[in-house]
Amino acid sequence: MIRFILLLPLKIIGLLFMAIGAVLDGVNRRKLEREKQAARADMERQKAMKAAAARIEKEKREKARADRIAQADRRRIEKEKQAQAVQEQKAADRRKAETFKADQARTDMEHYKIQRSELLKLYNELEKQYEQAATDKQKEIVFRKQIALNNQIRGVDRQIEKAQYTINKSGPV
């Protein structure tokens, strides 16, 4: 029993050390657990930050892509407008040229009609000369003049036809 009494304080001290050790182990375990949780939370924050950064970067790329597409569309539309303006200017120039040609053709037609009437008067004079010609040589000379005059009249008629076609092609003005 003496042994028991003598060893009791040692056993109590041992139990006390064991209790202190258990408490320290519990504290250390809780501390490790908190550190693990903090590390997990930190990792989750880092993952969330990486995901947010990736999302932001993706949004930037999408916005830049949308901006490039919009800018390309604006340039395309501007080019189309310019092309349309050029086409409209060309059409206006063509209409102006056609109007000028038609006006010129009307003026030319009047001139050719007057020229034709003068040539017909001259032809009538040559017919009279042909009828009044006494010799065959004089008749031949007058006849050749009539042939030349016929060619001139035909040339004037063709010019009148061309002017009439130009006027008709351009339409009423």
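Which residue forms a salt bridge with Glu 80? That would be Arg 76, with the closest N and O atoms 3.2 Å apart. A salt bridge here is a side-chain nitrogen of Lys or Arg within 4 Å of a carboxyl oxygen of Asp or Glu.

Some housekeeping: this is a predicted model, where local features need pLDDT of at least 70 and side-chain atom pairs count only at pLDDT 80 or more, while totals for chains, interfaces and linings use all residues. Residues are numbered from 1 along each chain as its sequence is written, and side-chain values use heavy atoms, with hydrogens and water left out.

**Salt bridges**

The count comes to eleven salt bridges, and three of them are listed here.

| Pair | Closest N to O |
|---|---|
| Asp 67 and Lys 63 | 3.4 Å |
| Glu 80 and Arg 76 | 3.2 Å |

Helices are DSSP runs (H or I, at least four residues), numbered from the N terminus. Asp 157 counts as buried at 17% relative accessibility, while Arg 116 is partly exposed at 28%. The cut-offs: buried means under 20% relative accessible area, exposed over 50%, and partly exposed in between (1.4 Å probe, protein chains only).

Glu 80 and Arg 76, on the other hand, both sit in helix H1, four residues apart, about one turn of the helix. Glu 80 is partly exposed at 44%, and Arg 76 is partly exposed at 41%. Asp 67 and Lys 63 are also four residues apart in helix H1; Asp 67 is partly exposed at 40%, but Lys 63 is exposed at 54%.

**The aromatic pair**

There's one aromatic pair in the structure. The ring centres of Tyr 130 and Phe 143 are 6.5 Å apart and the planes are at 45°, so the pair is tilted. For reference, rings of Phe, Tyr and Trp (its six-membered ring) pair if their centres lie within 6.5 Å; planes under 30 degrees apart count as stacked, over 60 as edge-to-face and the rest as tilted. Tyr 130 belongs to helix H1 and Phe 143 to helix H2 (residues 136-170), so the pair ties together parts 13 residues apart in sequence. Tyr 130 is partly exposed at 32%, as is Phe 143 at 43%.

Gln 82 lies in helix H1 and is partly exposed at 47% relative accessibility. Between the C-alpha atoms of Gln 82 and Ala 133, 51 residues apart along the chain, the separation is 73 Å.

Note on methods: Helices (H or I, at least four residues) and strands (E, at least two) are DSSP runs, numbered from the N terminus.
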